[in-house]
Amino acid sequence: MLTKKVEEICNRQIEREGYSSNLYLAMASWAETKGMAGIAAWLFAQSDEERMHTLKFIKYVNERGGNAVVPEFKKPPVKYKGIPELFAEVLKHEQYITASINEVLETAVTEKDHATTNWIQWFVKEQMEEENSVQQIIDKLQLAGQHGDYFLDRDIMRLRDAK
Ligand code: OFO
């Protein structure tokens, strides 16, 4: 059985994972309208992953005797300045999610909830990988420079296909 504090922080994370999914969906849609099919595909897939994270939290809270709550989500931005700005935003968001996952872990430890302490490790690892893959794209962007967007788009499409 989850303690109130662990249940609350997991519900907070449900909102954050759900918002992440919507944020990447909005970014994907924007990239698609700009003709960036590869970047859009990467972002659509990322959005699906975040939805999977949301579901993982919902199921976990319910399985542990808590009540998972599906909250209202704020509307993500509709427009983005450009591709480098968009990926800088993705990285910033993932760093924020990492800090948030760490808070879930810290709460589980304080509450002596060993099951949650163990379960949340999957997300700790996942965040490390996600930050790393976004950083790789940012590095490629810097290499390609502004005029390389077309080739970068194809390259990112391949990265996604290889996953
Ligand atoms: Fe990348 O965020 Fe979910 O955990």
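## Surroundings of His53

In this predicted model, His53 touches Glu17, Trp122, Phe123, Glu126 and Glu130, when residues up to four places away in sequence are not counted. His53 has its place in helix 2, which covers residues 37–63, and because its relative accessible area is 0%, under the 20% limit, His53 counts as buried.

## Helix 5

Among the contacts of His53 are Phe123, Glu126 and Glu130, and these residues are also buried in helix 5, together with Gln127, Val134, Ile137, Ile138 and Leu141. Helix 5 runs over residues 121–144, and its 24 residues reach 35 Å from the first C-alpha to the last, close to the 34 Å expected at 1.5 Å a residue. Just after helix 5 comes Gly145, which takes a positive phi of about 70°.

## Helix 1

Helix 1 comprises the 30 residues 4–33, which at 1.5 Å a residue should span 44 Å, and the end C-alpha atoms agree with this because they are 44 Å apart. Gly35, which follows helix 1, has a positive phi near 80°.

## Nonpolar cores

The largest nonpolar core holds 25 residues, of which Ile39, Leu43, Phe87 and Val90 touch the most other members. At least two residues of this core are supplied by each of helix 1, helix 2, helix 3 (83–110), helix 5 and helix 6 (149–162), with the largest share, 8 residues, coming from helix 1.

Val90, leaving aside its neighbours within four places in sequence, is in contact with Tyr24, Met27, Trp42, Leu43 and Val134.

Notes
Residues are numbered from 1 along each chain as its sequence is written. This is a predicted model: local features need pLDDT of at least 70, side-chain atom pairs count only at pLDDT 80 or more; totals for chains, interfaces and linings use all residues. Side-chain values use heavy atoms; hydrogens and water are left out. Helices (H or I, at least four residues) and strands (E, at least two) are DSSP runs, numbered from the N terminus. The expected span of a helix is 1.5 Å times one less than its number of residues. Buried means under 20% relative accessible area, exposed over 50%, partly exposed in between (1.4 Å probe, protein chains only). Contact means heavy atoms within 4.5 Å. A nonpolar core is a set of buried Ala, Val, Leu, Ile, Met, Phe, Trp, Tyr and Cys residues joined through side-chain atoms within 4.5 Å.
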